[in-house]
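Q: Could you walk me through this one? I'd like to learn how to read salt bridges and a few other features.

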Amino acid sequence: MQRKIVDFAADCSFQAASKKMHEHYGIDIPESSVRAITLEHASCMQEETFIPEQNSQDFTGEAEQFVGEMDGSMIPVVLFNDVEDGDKRKTRKTEWQEAKLCQVYKLGSNDKRHLATMKGPNKAGDQWLNCALAQGFNPKSSIHCVSDGATWIASQAKRVFGNQGSYLVDYYHLSEYFADAAEECVGYKKAARIEWRHCQQERMKSGDVSAVIAELDQHRNGKKGKAANKSEECHRYIRNRPGQFEYAAARAVNLPIGSGEIESANSSIVQMRLKIPGAWWKPENAEAMLGLRTLRANGEWDQYWERLG
């Protein structure tokens with residue numbers, strides 16, 4: 001029965017899961033019980049998503065190419081002041097916190113492993129490495145990391161993978177900067193803006209970053225913060241990420257230059273459950289539900305329940 005409850009609650013609200021238990025099995029389970037049972041198992045699943053803590057040097061195997069991606073998604077959370085006595089509802093506050101989802105797979109494989117956390121960048125980086133180790137990453141391996149331009153993701157790729165890893169800014173995320181800057185560079189006519197954007201994209205694909213910088217340099221206003229124009233923002237975005245636009249080298253060996261797969265996974269694994277209308281989470285409960293959702297995505301659902309007997 002608990003498996004059925006958690007199965008429903010993994011995909012819909014606790015209230016909806018309670019209704020589904022009545023509809024499908026004729027069993028009345030209070031919403032509060034559904035929540036308690038689901039979160040208890042989710043916490044256990046969260047612990048089971050980790051392989052034993054080992055250093056990558058402990059693993060041996062063939063030299064293989066891996067791909068790693070990381071993406072964030074803002075989750076609505078509710079915080080309570082546990083120090084003050086009385087009605088906790090009077091001291092609560094709501095905010096948005098980032099859920100960080102990573103995935104790793106061998107190049108050419110459809111077997112992807114995911115982990116996610118509401119905690120800080122180092123925790124997300126540790127999970128990234130854990131995913132790689134679980135997929136067979138070893139001292140002979142290489143991993144190609146790609147994501148949007150978030151600096152914390154690039155920092156974690158360097159921290160956990162070192163010289164075995166490379167990092168690429170998502171090509172399509174960069175293209176959005178070109179689209180924003182186009183009007184300042186060539187005017188408002190759509191055809192001219194599209195042609196200009198395509199020109200910069202092809203330059204970046206071929207590795208001619210200096211030509212793009214020179215083009216933007218003619219139109220940027222040199223200001224900081226909100227005073228910067230779009231050309232300045234694009235120029236700064238590129239110059240602050242040296243070595244992260246090696247698209248030509250990646251394409252030459254059939255490595256991806258976009259992070260669309262992790263963005264799709266973020267939608268189906270994280271957002272589909274944790275961002276349903278009306279849902280607000282305690283951070284620790286959101287963390288547990290991420291463990292549940294990634295365990296299912298990793299194909300370990302049946303094994304978990306079999307271990308429980």
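Q: What kind of contact do the side chains of glutamate 232 and arginine 220 make?

A: First, a note on the source: this is a predicted model, where local features need pLDDT of at least 70, side-chain atom pairs count only at pLDDT 80 or more, and totals for chains, interfaces and linings use all residues. Residues are numbered from 1 along each chain as its sequence is written, and side-chain values use heavy atoms, leaving out hydrogens and water.
In general, side chains of opposite charge can pair when their charged atoms come close. Here glutamate 232 and arginine 220 meet in a salt bridge, 3.0 Å from N to O (a side-chain nitrogen of Lys or Arg within 4 Å of a carboxyl oxygen of Asp or Glu). Glutamate 232 sits in helix H9 and arginine 220 in the loop between helix H8 (209-217) and H9, so the pair ties together parts twelve residues apart in sequence (helices are DSSP runs of H or I, at least four residues, numbered from the N terminus). Salt bridges with shared partners join Asp217, Arg220, Glu232, Arg236 and Arg239 into one network.

Q: Is glutamate 232 buried or exposed?

A: Buried means under 20% relative accessible area, exposed over 50%, and partly exposed in between (1.4 Å probe, protein chains only). Glutamate 232 is buried, at 2%, while arginine 220 is partly exposed, at 29%.

Q: What is the phi of asparagine 254?

A: Most residues other than glycine have a negative phi. Asparagine 254 isn't a glycine, yet its phi is positive, about 60°. You'll find asparagine 254 in the loop between helix H10 (247-252) and H11, and it's exposed, at 65% relative accessible area.

Notes
Helices (H or I, at least four residues) and strands (E, at least two) are DSSP runs, numbered from the N terminus.
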